[in-house]
Amino acid sequence: MAQTQINSQSIDNPLITPEQDKLGYAPFAQYLADSICKMNFSGGFAIAVYGGWNSGKSTLLHFVINYLQQKPENEQPIIVRFNPWLFSGNENITRQFFDQLQDVLSKVTSVPKGLKERIADIANVISEIPLPYTKATKAVAKLFDEEEKEASEIKEEVEQTVAQQPRRIVIAIDDIDRLRADDIRTLFRIFKAIPHFTNVVYLLFFNKDVVVKVLAETGESLEKIIQFAFEIPTPDKTSLRRLLFEKLNSIMADTPKELFESNRWGNIYLRGIDHFITNISDIVSFTNALTVTYPVVKGEVNAIDFLAIESLHLFCPIIYEAIYNNFPVFIEEDNYSGEKIKSLVNTWIAQLNERDKQPIQYLLMQLFPKLEDVWGNINRDDRQQQLECCNQRRICCPEIFPIYFRLNLTTGELADNQFQYILALVDDTKAFSNKLIELTHQKRADGITQFRVFLEQLENYTENKIPQDKLSKIIQSLCNVCNEISYFGNESQTMFDLGNKIIITNIVYKVLHRLDENTRSHVSKFLYKKAN
């Protein structure tokens, strides 16, 4: 089976055998399997294993079953696997549960004929109940109601036959949290309605938070069903790295050696990418993305740079979009002074969470040596450096840069928090005006400036999203920019394109209509003076 291979295309496919263990789950699985076989209990016993999505629950379940199947014949339990999510929303889960139980038991010769027959009786009762299948749950409850004479007799017969059969029955159910809410409740009502027969162990794997929330909606709780539970912890850093590196190796195994330098990879990973890899979900998201994006650029880009830029794409899209939309800042030699570049990039960094700033700044310096020069006040031979970058097919090479974004579907708009950050400068008219001028020097790949992008997004905010006390300041800043730069009107590519001045005029018109009469009069006088 494909999912048994370590290099399977989807890391969230569970591993099957303990030999493939990458997270240290195998010893726990072995001890749990031993306990299931040796534990003494009256009635049945329900064990839950709690874990979030992509926590390795399914892998752990496979390992437990693997160890159970390795037990000597006289110790090996009967294992009933039930995957309820295969039927969720489509078929009667209650009916499917009993059908599966009957199917497995019917194939085991050591199971008493009486038990098979009684389980078959239950399945037949359920199969005769028409949909909606919620009625089936009530039937099961009634079937084991002590006050029902016939039901009580069936219950007693089942309990006696279960007690007589020598092998323990383990009913293993995974991914309960993936079910619809109604189906989750139905399944747990089955567990409550069916008595805990002697020698039967339920092994249930699910996301506790999801199930608790669903059951609470109808006043039900896990405590009445689960006898003991384990919580899957977050794997340690060593295990996470091992898992990630093996998956990366399977994705990028054919990368030319000249496009991967081990020492540089070590630095970029440890001081940058590693910051984002905190759990299995991060690994799943990162490697799934690379599974799609890397094949179309393999051999054409530096593998380490691609890993770095894709980590920003996934974990810090603000910076990724800023790089894509402002590539001249990073790769053109003469258009931007060191101070201007530093100011621009520091503006982006300022929008990040404090804990993310240092690793992201390090990644940026590694991707674009110009930033290392700017932040470190280093003067190097740019021509020699550029030649080396191009030979290594680095992202900072002008000819190579677009290849890194082949599958990029960015809209080109400023991210909402970027836009809000710029608007927050409005209270300081000079700072806001300077920021607008700065945006005129930032070009997207299609040649449109970020100033133009900001103006067109601002149009959507003028109606009611901008506070009244900021409106007049926005007008003043836009007018200041008009008088200080001569860039306006140069972005039109056809005779139908709207110039920046037209857009600004429209913004001013909308803003004036929102001002009270006194403020409108004051702003109008200001505009008149500026125009003359």
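**Figure 1. Helices α1 and α2 make a right-handed crossing.** A crossing counts as right-handed if the near helix is turned clockwise from the far one by less than a right angle, and as left-handed if anticlockwise. This is a predicted model, where local features need pLDDT of at least 70, side-chain atom pairs count only at pLDDT 80 or more, and totals for chains, interfaces and linings use all residues. Residues are numbered from 1 along each chain as its sequence is written, and side-chain values use heavy atoms, with hydrogens and water left out. Helix α2 covers residues 57-69, and its axis comes within 8 Å of that of α1, at roughly 50°. (Axes are lines fitted to C-alpha atoms, for helices over the stretch in contact, and angles run from 0 to 180 degrees between N-to-C directions.) That is why α1 and α2 are called oblique to each other: under 35 degrees is roughly parallel, over 145 roughly antiparallel, 65 to 115 roughly perpendicular, and the rest oblique. On the α1 side, the meeting residues are A26, F28, A29, Q30, L32, A33, I36 and C37, and on the α2 side L60, F63, V64, Y67 and L68. Sort the contact by class and you get 12 nonpolar, one polar and no charged residues. (Ala, Val, Leu, Ile, Met, Phe, Trp, Tyr, Cys and Pro count as nonpolar, Asp, Glu, Lys and Arg as charged, and the others, Gly among them, as polar.)

**Figure 2. Five strands line up in an open sheet with parallel pairing.** Read across, the order is β2-β3-β4-β1-β5. Helices (H or I, at least four residues) and strands (E, at least two) are DSSP runs, numbered from the N terminus, and two strands pair if DSSP finds at least two bridges between them. β2 (78-82) and β5 (228-231) sit at the edges with a single partner strand each, so one side of each has no neighbour in the sheet. From one strand to the next, the twist averages 15°. Zoom in on β1 (residues 45-50) and β4 (residues 200-206), and you'll find six bridges in the parallel sense. One to look for: F45 has V201 in β4 as its bridge partner. Helix α1 (residues 26-38) lies across β1, β3 (169-173), β4 and β5, running at about 150° to β4.

**Figure 3. Helices α11 and α12 pack at an angle of about 120°.** Here α11 is residues 280-293, α12 is residues 303-315, and their axes are 10 Å apart. The angle is why α11 counts as oblique to α12. The crossing is right-handed. Contact (heavy atoms within 4.5 Å) involves D282, S285, F286, L290 and T293 of α11, plus F306, L307, E310, S311, L314 and F315 of α12. By class, that gives six nonpolar, three polar and two charged residues.

**Figure 4. Helices α21 and α23 cross at roughly 30°.** α21 spans residues 450-459, α23 spans residues 500-514, and their axes come within 10 Å. They are therefore roughly parallel to each other. This crossing is left-handed. From α21, the contact uses F451, R452, L455, E456, L458 and E459; from α23, N500, I503, I504, N506, I507 and K510. These divide into six nonpolar, two polar and four charged residues.

**Figure 5. R185 forms a salt bridge with D182.** A salt bridge is a side-chain nitrogen of Lys or Arg within 4 Å of a carboxyl oxygen of Asp or Glu. For R185 and D182, the closest N and O atoms are 2.8 Å apart. Both residues belong to helix α7 (residues 181-193), three residues apart, or about one turn of the helix. The structure holds 15 salt bridges.
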